[in-house]
Amino acid sequence: MGGFAIALIVIVVVLSAVAAHNAIGRRGREWADDPHWVGGIFFFNRDDKRAFVPKRFGLGWTPNFAHPISWLLVALPLVIALLATLRK
């Protein structure tokens, strides 16, 4: 079960990153607008359908917390770690 969950997470993240990369060229950089960044570090935009957007500073991607899959992909590793700890 653990290997399947990890593989599923990797697949979703990669597909979302590819889709986000392709969308940047078509839609511009609206993800960089200040109103969509909570506290300057958490991205939240209901109009942006991507689960992950480019980071505001530096390289990489950050979750769009308005997208349900982002919550799942952030919470799932924490739940797995918690369950693994409780099983010992």
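Reader: What relative accessible area does proline 77 have?

Author: This is a predicted model, in which local features need pLDDT of at least 70, side-chain atom pairs count only at pLDDT 80 or more, and totals for chains, interfaces and linings use all residues. Residues are numbered from 1 along each chain as its sequence is written, and side-chain values use heavy atoms, with hydrogens and water left out. Buried means under 20% relative accessible area, exposed over 50%, and partly exposed in between (1.4 Å probe, protein chains only). Proline 77 is partly exposed because its relative accessible area is 40%.

Reader: How far apart in space are proline 77 and alanine 5, C-alpha to C-alpha?

Author: Proline 77 sits in helix H2. In sequence, 72 residues separate proline 77 and alanine 5, while in space their C-alpha atoms are apart by 9.2 Å.

Reader: In what order do the elements of the protein run from the N terminus?

Author: Helices (H or I, at least four residues) and strands (E, at least two) are DSSP runs, numbered from the N terminus. The protein has 2 helices and 4 strands. From the N terminus on, their order is α-β-β-β-β-α.

Reader: What share of the residues in the protein is buried?

Author: The accessible surface comes to about 6200 Å², 72% of it from carbon and sulfur atoms. Accessible areas come from the Shrake-Rupley method with a 1.4 Å probe, and for residues only the protein chains shown count as cover. Of the 88 residues, the buried share is 27%.

Reader: Which residues make the nonpolar surface patch of about 380 Å²?

Author: Like charges are joined within 9 Å, and nonpolar side chains (Val, Leu, Ile, Met, Phe, Trp, Tyr) within 5 Å. Isoleucine 41, in the loop between strand S1 (37-38) and strand S2 (42-43), counts as exposed because its relative accessibility is 55%. The patch is made by Val38, Ile41, Phe42 and Phe44.

Reader: Which residues do ring pairs link into a cluster?

Author: Rings of Phe, Tyr and Trp (its six-membered ring) pair if their centres lie within 6.5 Å; planes under 30 degrees apart count as stacked, over 60 as edge-to-face and the rest as tilted. The structure holds 3 aromatic pairs, one of them the edge-to-face pair of phenylalanine 42 and phenylalanine 65, with 5.8 Å centre to centre and 70° between the planes. That pair links distant parts of the chain, 23 residues apart: phenylalanine 42 in strand S2, and phenylalanine 65 in the loop between strand S4 (61-63) and helix H2 (68-87). The cluster is formed by Phe42, Phe65 and Trp71.

Reader: Is phenylalanine 65 buried or exposed?

Author: Phenylalanine 42 is partly exposed, since its relative accessibility is 43%. The relative accessible area of phenylalanine 65 is 15%, so this residue counts as buried.

Reader: Which residues is asparagine 45 in contact with, leaving aside its neighbours within four places in sequence?

Author: Asparagine 45 lies in the loop between S2 and strand S3 (52-54), and counts as buried because its relative accessibility is 7%. Contact means heavy atoms within 4.5 Å. With those neighbours left out, asparagine 45 is in contact with His36, Asn64 and Ala66.

Reader: What is the relative accessible area of threonine 62?

Author: Threonine 62 belongs to strand S4. Beyond its neighbours within four places in sequence, its contacts include Trp37, Ile41 and Phe43. Threonine 62 is buried because its relative accessible area is 10%.

Key. Patch = residues over 30% accessible without salt bridge, like charges linked within 9 Å, V, L, I, M, F, W, Y side chains within 5 Å. Salt bridge = Lys/Arg side-chain N within 4 Å of Asp/Glu carboxyl O.
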